[in-house]
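Biologist: I am new to this structure and would like to know what stands behind the words used for it. Please show it to me.

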Amino acid sequence: MEEVRNDAFHITAAANMASIAGQGFYVGRRGVLGAGAYFDLGTEATGWKPARQRYPDLPLVVFRCEVALGRVLDLDDEETHARFQQFQRELGQRLGRDETLRLGRGGQLDEFLFELTSKTGMTYHTIKRTFVTDGQTRIAVRDPRRIRVLSVCDEKGEELPWPPTSN
Amino acid sequence: MATDKQLIPVEDLLKGRTDEELRAWARAYLAAAEPRGGCDACRFEDPFSDRLCTIPDISLEDFDLGVSGINCSRFQPRE
């Protein structure tokens, strides 16, 4: 049975609320887990600092969402991670070191997932990893239809209407 | 959680792809990127991304989250 998490937090600028309400979460952002909409699992606490750095002058909001994870590429799993590292090494040999580094881990993951899908038909819906930088488990969700907003709060913790009311 | 780790045939993933095809894919991928903010020391897209990392002394084996981002001694937030 598919795992559903109802403790997925996404912090962004309040200015993005309308587009999220209208078009869903943007899954084209390329981060360290490849393209996807990024969520912190279990807590919102670690999301404020990077969001503040991304949007230094804008008010922020925190979305609490339910995410149907689907098929998960779990990079916390040792064997899965080892396989991805094997792919990274092979990619490095084929592309060259500089090009591989330029792609970054997210680009390498996107290539890994692209090859998996094209060669095997296997599609991963979610990429999961616990970051060693802050110990936070994050997911990148590649299909916005798997995400449902449960609540939205401002920086003071006050719940905002969802979907947002237009004035 | 459905991870399907046993089904990942890593050895065969790049077979059938020429080096030029791979380079073309990488070029197109990087050309479509939208650099934003981040670190002036290593040009991260953001503190949690190593997409644009160009630190020359990171081995591919170490090319993981532990050697980059806000833990990096060279991290300098971009204004």
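Biologist: What is the pLDDT over residues 35-41 of chain B, and how many contacts beyond four places in sequence does the model have for them?

Modeller: This is a predicted model. Residues 35-41 of chain B stay under 50 in pLDDT, on a scale of confidence that runs from 0 to 100. The model has 25 contacts beyond four places in sequence for them. Residues 75-79 of chain B are also below 50, and that stretch has 15 contacts beyond near neighbours in sequence.

Biologist: What are the average pLDDT of chain B and the scores of the model?

Modeller: Chain B averages a pLDDT of 57, and 30% of its residues score at least 70. The model has an ipTM of 0.74 and a pTM of 0.79.

Biologist: What makes the contact of A:Arg52 and A:Glu155 a salt bridge?

Modeller: The N to O distance between their side chains is 2.8 Å. The cut-off is 4 Å, from a nitrogen of Lys or Arg to a carboxyl oxygen of Asp or Glu, so the pair qualifies. A:Arg52 is in helix α2 of chain A, and A:Glu155 is in the loop between β9 and β10, 103 residues apart.

Biologist: Why is A:Arg52 called partly exposed?

Modeller: Its relative accessibility is 28%. Partly exposed lies between the limits of 20% for buried and 50% for exposed, so A:Arg52 falls in that class. A:Glu155, with a relative accessible area of 41%, is therefore partly exposed as well.

Biologist: How do you know that A:Lys128 and A:Asp74 form a salt bridge, and what does the pair tie together?

Modeller: Their side chains meet at 3.3 Å, N to O, which is within the 4 Å limit. A:Lys128 lies in strand β7 and A:Asp74 in strand β6 of chain A, so the pair ties together parts that are 54 residues apart in sequence. Both A:Lys128 and A:Asp74 are buried, a word that stands for under 20% relative accessible area. The two also belong to a network of salt bridges with A:Asp76 and A:Arg129.

Biologist: Why are A:Glu79 and A:Arg83 separated by about one helical turn?

Modeller: They are four residues apart in helix α3 (residues 78-95) of chain A, which means a separation of about one helical turn. A:Glu79 has a relative accessible area of 37%, so it is partly exposed.

Biologist: How many salt bridges are found over all chains?

Modeller: A search of the whole structure finds 18.

How values were computed. Residues are numbered from 1 along each chain as its sequence is written. Chains are lettered from A and ligands numbered from 1 in the order in which they are written. This is a predicted model: local features need pLDDT of at least 70, side-chain atom pairs count only at pLDDT 80 or more; totals for chains, interfaces and linings use all residues. Side-chain values use heavy atoms; hydrogens and water are left out. pLDDT is the predictor's confidence in each residue, from 0 to 100. Contact means heavy atoms within 4.5 Å. Helices (H or I, at least four residues) and strands (E, at least two) are DSSP runs, numbered from the N terminus. Buried means under 20% relative accessible area, exposed over 50%, partly exposed in between (1.4 Å probe, protein chains only).
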